[in-house]
Amino acid sequence: MTRRKFTSKFKTKVVLEALKERQTTQELAQKFEIIPQQISTWKREFLKGANTVFSKDTKSKKTEAQEKEERLLKVIGEQKVELDFLKNALR
């Protein structure tokens, strides 16, 4: 049996439902087909990180992948400019 992987979107949906307190954790667990302890864990993690949502420091954070992509695109652009310059110089 393989472990299920849940997206952050799904986890957020479950946690928001849990925070509404319209249904018990047990009912939510049955609805979303997960164990109640998982809901409690996600809820605790969500509330632990909630204070960073409105902080100004997180506004411009980029993932490592986005930063790497930007650096590579910059290098490609610079090389294209150099290549075009050298082609024109050889004419």
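Helix 2, residues 25–32, has L28, A29 and F32 as its buried residues, buried meaning under 20% relative accessible area with a 1.4 Å probe, protein chains only. Helices here are DSSP runs of H or I, at least four residues, numbered from the N terminus. The three cover an arc of only 105 degrees around the axis, so they sit on the same side of helix 2; the arc is taken from the directions from the helix axis to the C-beta atoms.

This is a predicted model, where local features need pLDDT of at least 70 and side-chain atom pairs count only at pLDDT 80 or more, while totals for chains, interfaces and linings use all residues. Residues are numbered from 1 along each chain as its sequence is written, and side-chain values use heavy atoms, without hydrogens and water.

What covers those buried residues? Helix 1 (8–20) and helix 3 (36–49) are included in the cover.

Next, the packing. Helix 1 and helix 2 pack at about 150 degrees, with axes 10 Å apart; axes are lines fitted to C-alpha atoms over the stretch in contact, and angles run from 0 to 180 degrees between N-to-C directions. That makes the pair roughly antiparallel, the word for angles over 145 degrees. On the helix 1 side, the contact is made by F10, K13, V14, E17 and A18, and on the helix 2 side by L28, K31 and F32, contact meaning heavy atoms within 4.5 Å.

After helix 2 comes E33, with a positive phi near 60 degrees.

Last, F46, which lies in helix 3. Leaving aside neighbours within four places in sequence, F46 is in contact with V15, L16 and L19.

Methods: Buried < 20%, exposed > 50% of the residue type's maximum accessible area, 1.4 Å probe, protein only. Helix = DSSP H or I, 4+ residues; strand = E, 2+ residues; numbered from the N terminus. Parallel < 35°, antiparallel > 145°, perpendicular 65-115°, else oblique.
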